[in-house]
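Below are some notes on the model you sent.

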Amino acid sequence: MIEFRFFKIKICLHFSFFAIIAVLMLFDEYKYILWGLYACMLHECGHLIAMSMVNAKVNRIAFYGAGIKIVPEKSRILSLGQEIFILSGGCLINFISFIIFWIIGKNDDMFQFFAVLNLVTGIFNIIPLKNFDGGKILDLIIEHCFSPSKTYALKTAVKIICVAIILTLSVILFKNNAGNITFFITIVYFIVSTILM
C-alpha cells in the first residue's frame with residue numbers, strides 16, 4: 001500500500017486498486033477504463049463538495065479494488081440530514097453530469113458515452129446494498145426510524161430483495177448477450193460481498 005499526505009488528508013493507494021485496473025484493461029479498451037475512472041472521480045468529488053457544504057472534514061481517501069472510500073474526521077457529529085446529503089452528493093453530481101454531457105454532446109459519441117456512463121454510475125451507486133451509497137442511506141434511515149430489534153430484519157429483507165432483483169436482471173442481460181465480462185465480474189463481486197456481510 002502506498003500512503004502519502006495531500007495537505008492534511010491521508011491518501012492510501014491499495015495494491016487491489018492497481019490490480020483491478022490491470023485486470024479490467026485485459027478485457028476492455030483502454031479509453032473506456034479512463035472514462036469510467038473519470039465518472040468515479042466525479043462521483044467522489046460530489047461527496048467532497050457535499051462534505052465541504054456541511055463543514056465535514058476529510059481524514060483519509062483510500063483507493064482500493066472495490067472503489068474509492070472517503071473517511072471523514074469524527075471531530076463533529078453530523079445530523080441524519082447532513083449524512084444523507086453527503087452520501088447522495090456523489091450520485092447527484094453523476095446525474096447533473098449526465099444532463100450536461102448529454103446536452104452539449106448531442107453530435108459527439110464520446111460525450112454521449114460519458115453522459116450515459118455518469119447516469120449508470122449514479123444509478124449503480126444508489127442501489128440499496130451495503131457497499132453502495134444507497135445502502136448506507138437506507139441503513140441510516142432504518143436505524144433512525146426503527147427500534148434495534150426491527151433493524152436487522154428490515155436490512156436482511158432489503159438485502160434479499162435487492163440481490164434477487166440484481167440476479168434476475170443479470171440473467172436477462174446474459175441471455176440477451178448484453179453487458180461484458182467486466183460487468184458480470186462486478187455483479188458477482190457485489191452479490192458475494194453482500195451475502196457474506
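How many aromatic pairs does the structure hold? There are nine, where rings of Phe, Tyr and Trp (its six-membered ring) pair if their centres lie within 6.5 Å, and planes under 30 degrees apart count as stacked, over 60 as edge-to-face and the rest as tilted.

1. Basis. The model is predicted, so local features need pLDDT of at least 70 and side-chain atom pairs count only at pLDDT 80 or more, while totals for chains, interfaces and linings use all residues. Residues are numbered from 1 along each chain as its sequence is written, and side-chain values use heavy atoms, with hydrogens and water left out.

2. Neighbouring rings. Phe-17 and Phe-18 form an edge-to-face pair, because their planes stand at 75° with the ring centres 5.5 Å apart. Phe-17 is buried at 14%, whereas Phe-18 is partly exposed at 40%.

3. A pair across the chain. The rings of Trp-35 and Phe-114 have centres 4.8 Å apart and planes at 50°, so this pair is tilted. Helices (H or I, at least four residues) and strands (E, at least two) are DSSP runs, numbered from the N terminus. On that numbering Trp-35 belongs to helix α2 and Phe-114 to helix α4 (residues 109–125); the two are 79 residues apart, and the pair links distant parts of the chain. Phe-114 is buried, with 4% relative accessibility; Trp-35, at 22%, is partly exposed. Both rings belong to a cluster that ring pairs build from Trp-35, Tyr-38, Phe-101, Phe-111 and Phe-114.

4. The sheet. Four strands make an open sheet in the order β1-β2-β3-β4, with mixed pairing; two strands pair if DSSP finds at least two bridges between them. β1 and β4 each have a single partner strand, so one side of each is left without a neighbour in the sheet. From one strand to the next the twist averages 15°, taken between axes that are lines fitted to C-alpha atoms (for helices over the stretch in contact), with angles from 0 to 180 degrees between N-to-C directions. Four bridges join β2 and β3 in the parallel sense, and Ile-11 has Ile-61 in β3 as its bridge partner.

5. Cores. A nonpolar core is a set of buried Ala, Val, Leu, Ile, Met, Phe, Trp, Tyr and Cys residues joined through side-chain atoms within 4.5 Å. The largest one has 16 residues, and those with the most contacts inside it are Met-51, Ala-56, Val-58, Ile-61, Phe-63, Ile-70 and Ile-86. Two or more residues of this core come from each of β2 (9–13), α1 (15–27), α2 (30–53), β3 (58–64) and β4 (67–72). Another core, of eight residues, lies apart from it and includes Ile-127, Cys-162, Ile-166 and Ile-187.

6. Helix α3. This helix (residues 80–104) has 25 residues and reaches 36 Å from its first C-alpha to its last. That is close to the 36 Å expected at 1.5 Å a residue, the expected span being 1.5 Å times one less than the number of residues. A kink of about 40° in α3 is centred on Gly-89; the bend at a residue is the angle between axes fitted to the seven residues ending there and the seven starting there. Gly-89 is itself among the buried residues of α3, which also include Ile-86, Gly-90, Asn-94 and Phe-101.

7. Helix α6. Residues 148–175 form this helix of 28 residues, which reaches 41 Å from its first C-alpha to its last, close to the 40 Å expected. Thr-151, Cys-162, Val-163, Ile-166 and Ser-170 are buried in α6.

8. Backbone points to check. Most residues other than glycine have a negative phi. Phe-7, in the loop between β1 (2–6) and β2, has a positive phi near 55° and is exposed at 72%. Asn-55 lies in the loop between α2 and β3, with a phi near 60° and a relative accessible area of 56%, which is exposed. Asn-177, following α6, also has a positive phi, near 55°.

Technical notes: Buried < 20%, exposed > 50% of the residue type's maximum accessible area, 1.4 Å probe, protein only.
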